[in-house]
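Visitor: I am new to this structure and would like to be shown around. Please take it one part at a time.

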Amino acid sequence: MGARRVLVHGHFYQPPRENPWLEAVQEEHSAAPYHDWNARITDECYEPNTASRILNGAGEIERIVNNFAWMSFNVGPTLLAWLEHEAPEVYRRILEGDRASQERYGGHGSALAQAYNHVILPLASPRDRLTEIRWGIRDFRRRFGRMPEGMWLPETAADTATLEDLASEGIRFTVLAPAQAARCRPDGEEAWRDTPGGTIDPTRPYRVDLPSGAALSVFFYDGPTSQAVAFEGLLDDGARFAERLLAPFDDREAPQLVNIATDGESYGHHHRWGNMALSYALSVIEQSGRAQLTNYGQYLADHPPAWAVQIHEHSSWSCAHGVERWRADCGCSTGTAPGWHQRWRAPLRTAVDQLAEKVAAAYEEAAAPLLQDPWAARDAYIDVILDRSPAQLDRFFDEHAPAPLDAAQRVQTRQLLEMARHALLMFTSCGWFFDDISGLEAVQVLRYAGRVLQLAQVALQRDWREPFLEQLADAPSNLPAWGDGAAVYRRAVDPVRLDLTGVGAHAAMLSLLEAGSDGVPRDAAHPYCYTVDWQDRQEVRAARTKAVVARLTVRSDITGASIELSGAAVHWGDHNVVAGVRPFGGIEAYRTTAGKVLDAFRRADTAGVIHVLDQHFMGATYNLTHLFRDEQRLVLGGVLADGIAEAEAQYGQVYDRQSTLMRFLVELDQPIPEVFRTAAAFALAHRLRIALGRQPWNGAHIRDLLAEAAFWQVELAAHEWTYTLERTLGRWARELADRPTDAARWRQLDQDLTMLADLPWDPDLRRLQDVCYRELVMNAHGAVGVVGDGVARDLAARVRVAWPAD
């Protein structure tokens with residue numbers, strides 16, 4: 001019997017979600033209670049896979065492992081960029097997993113690169129295809145510290161030209177779906193063997209001999225097993241998963257590889273606890289002796305391809321029609337909206353294709369005097385995207401500018417490069433994958449296009465908006481309320497479109513919030529990817545109202561463009577805030593405006609203030625609707641806080657006054673008025689939220705509140721309270737990780753966990769389990785030494801961590 005190897009590959013990816021004008025992900029209500037989908041999926045999938053549990057027969061945690069050290073994987077570059085800044089510990093563990101895999105698999109890391117922002121490469125222009133590959137490689141090398149051996153193709157979409165480019169850039173292999181194989185033959189045979197319907201043998205690597213004379217190795221994943229993981233519930237049982245991975249082996253003497261590939265989000269997001277099924281299955285396989293785990297790089301080094309293969313051109317893993325899903329109404333869809341068409345896909349593709357053609361020609365012409373080779377400079381611009389420091393910018397211009405550029409030329413060059421970057425981002429495949437042009441992903445593509453249109457106008461004085469909208473008008477939405485693509489653009493893109501003056505207005509309004517130690521709120525000095533220099537700022541207050549007049553310079557940290565502005569803002573309390581901003585017109589005009597605004601404000605002349613703002617800023621006024629989305633939420637949260645607190649207090653008073661009568665009604669078996677029942681629900685939920693937020697917990701008080709809620713049949717929504725508890729437990733875990741030898745804190749945790757067992761919810765304990773496993777079980781000379789063996793064993797038992805046998 002030949003060597004048997006098992007490999008599980010996860011394609012971890014989220015579409016880039018950043019607002020193109022802010023370079024940050026804004027709140028997404030559909031991801032609630034999380035801030036956005038990246039945050040939600042990180043909590044459900046990416047983080048659990050970095051510390052995944054393997055349970056013993058008693059359901060206790062026997063080991064915690066980093067799945068990224070065992071499996072093959074790729075993580076989209078734009079997702080890695082988000083993780084690096086928003087979830088740095090998860091990011092660190094992913095990189096750590098790749099380093100560990102190199103030790104496990106003979107020096108071959110398990111991480112694969114990915115084409116940069118998930119563009120369907122067979123549909124890209126030759127230049128764009130190369131840039132996507134080069135950016136993916138460069139991003140990988142910067143993060144993982146090595147050259148990638150393999151590259152994941154977005155949607156596994158492939159054609160000969162794409163494979164040629166992979167080979168020319170030093171990539172050794174890629175992974176495709178079995179249905180993408182057209183024919184194969186063993187070395188030494190001339191006749192090709194057709195492989196219809198995905199019938200190619202996936203247990204061996206293959207070689208694509210390319211027209212250029214180069215070759216690229218290809219692995220075809222096991223289709224049925226991959227399908228079972230993604231869609232058939234195989235992850236419900238780790239033992240069954242292990243057996244399914246071992247089932248395809250036969251008695252051949254030749255080496256055999258069972259490899260599967262799915263979205264990485266299957267392991268935790270699409271299937272809760274899927275990460276644990278994976279950990280358990282890989283552990284069982286490794287310990288069984290029936291096969292060994294491997295990764296693609298190691299297997300390829302040990303077993304070079306002895307078969308050649310030819311692929312179906314323009315094929316992919318998620319479209320039965322090749323790559324039509326990303327340019328036509330082919331019938332492929334998510335299936336969540338039966339009866340919907342995708343007639344919007346072709347007009348959207350045409351619109352961005354034609355816009356990209358205009359961008360390419362204009363970029364090449366305008367950049368020619370500024371850059372020695374505009375396209376080589378675009379390829380190298382990934383280094384600036386990864387590091388926007390002044391030193392990196394200097395290195396970039398030293399290498400690519402034909403001569404030293406002045407400040408204005410540098411700004412224009414950066415604007416051109418950003419236009420070219422967003423022209424790539426607007427081809428992100430998710431824009432066509434889902435069900436409607438009004439969906440989040442398609443809107444994101446339109447926003448990237450909107451940024452392209454803006455930069456073309458600023459840097460080139462080219463106005464391509466109307467032709468673009470005319471083409472979008474041919475893209476019908478399935479939802480009558482949205483109409484067509486042009487209407488979607490006007491409703492979903494225009495309101496978030498931003499210029500430097502708008503940033504100044506945002507800063508002026510935000511500066512009326514509580515100031516930092518230097519008198520300027522943090523976000524008002526550095527809102528997102530902008531820097532605001534407050535050259536003069538005068539603020540006056542009267543009761544709950546405030547006014548500010550300012551002279552300020554706003555600079556984009558991305559392009560270096562800047563503008564000097566004068567502005568004024570007034571906050572009358574609550575949500576009533578208004579600002580006026582205009583280009584700075586000289587010191588005398590500024591002083592005149594400042595005097596009139598502040599004079600009218602001091603006289604409490606509301607109409608006069610509005611008149612001055614309209615007159616001096618010529619209608620360029622802004623209000624709360626113009627604040628960035630996250631700041632709107634923060635401001636409204638503060639505005640609503642007083643009203644909510646007042647309502648909660650009133651509900652509490654009603655409940656306290658009427659609870660005796662309510663109990664009497666219960667004794668008489670009489671209905672309780674709905675208004676009283678509502679008061680009880682609000683009051684008890686409010687008091688319980690306060691009690692659970694305090695530390696240490698008052699167990700008796702919490703039990704009393706729960707008993708009252710049960711008596712009045714108050715429904716405490718499990719998802720809301722579980723989320724609240726998990727945030728609290730996470731905070732405790734961070735405190736213990738920071739102070740692992742704080743005996744009092746460990747003992748308090750022991751008491752709090754006693755209370756937790758009495759609560760009617762089942763929160764995820766993984767963060768407490770992590771710290772208990774690390775500090776109590778794996779570090780016997782740390783926390784155990786200060787809390788004692790008995791308390792340590794008790795704590796481990798409460799969070800279901802197995803104590804090692806003596």
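Predicted model: local features only at pLDDT ≥ 70, side-chain atom pairs only at ≥ 80, totals over all residues.

Visitor: What span does helix α24 reach from its first C-alpha to its last?
Guide: Helices (H or I, at least four residues) and strands (E, at least two) are DSSP runs, numbered from the N terminus. The expected span of a helix is 1.5 Å times one less than its number of residues. Helix α24, residues 674-693, has 20 residues, and against an expected 28 Å it reaches 29 Å.

Visitor: Which elements are included in what covers the buried residues of α24?
Guide: Buried means under 20% relative accessible area, exposed over 50%, and partly exposed in between (1.4 Å probe, protein chains only). The buried residues of α24 include Phe676, Ala680, Leu684 and Leu688. An α-helix has 3.6 residues a turn, so residues three or four places apart point the same way. The cover over the buried residues of α24 includes α23 (629-667), α25 (699-711) and α26 (718-738).

Visitor: Which residues is Arg687 in contact with, leaving aside its neighbours within four places in sequence?
Guide: Arg687 has its place in helix α24 and is partly exposed, because its relative accessible area is 26%. Contact means heavy atoms within 4.5 Å. Leaving aside neighbours within four places in sequence, the contacts of Arg687 are Gly652, Tyr655, Asp656 and Leu705.

Visitor: Is Leu768 buried or exposed?
Guide: Leu768 is found in helix α28, residues 766-777. Beyond its neighbours within four places in sequence, Leu768 is in contact with Leu729, Trp732, Ala733, Leu736, Leu749, Leu753 and Val799. Its relative accessibility is 0%, so Leu768 counts as buried.

Visitor: Which residue follows α4 and has a positive phi?
Guide: Helix α4 covers residues 126-144 and reaches 27 Å, close to the 27 Å expected. Its buried residues include Trp135, Phe140 and Phe144. The residue after α4 has a phi near 75 degrees, and it is Gly145.

Visitor: How many disulfides does the count come to?
Guide: A disulfide is a covalent bond between the sulfur atoms of two cysteines. The rule used here asks for a pair of cysteine sulfur atoms within 2.5 Å. The sulfur of Cys45 is too far for a bond because the closest cysteine sulfur, in Cys430, is 15 Å away. By this rule the number of disulfides is 0.

Visitor: Which element gives the largest share of the lining of the second largest pocket?
Guide: On a 1 Å grid over the protein atoms alone, a pocket is an open set of points with protein on both sides within 12 Å along at least five of seven lines, where a 1.4 Å probe fits, and lining residues have an atom within 4 Å of a point. The second largest pocket is lined by 44 residues, and among those nearest its centre are Phe231, Asp263 and His270. Elements that give two or more residues to this lining include α1 (37-50), β12 (256-263) and α16 (440-460). The largest share, 6 residues, comes from α6.

Terms used
Residues numbered from 1 in each chain as written. Heavy atoms only, no water.
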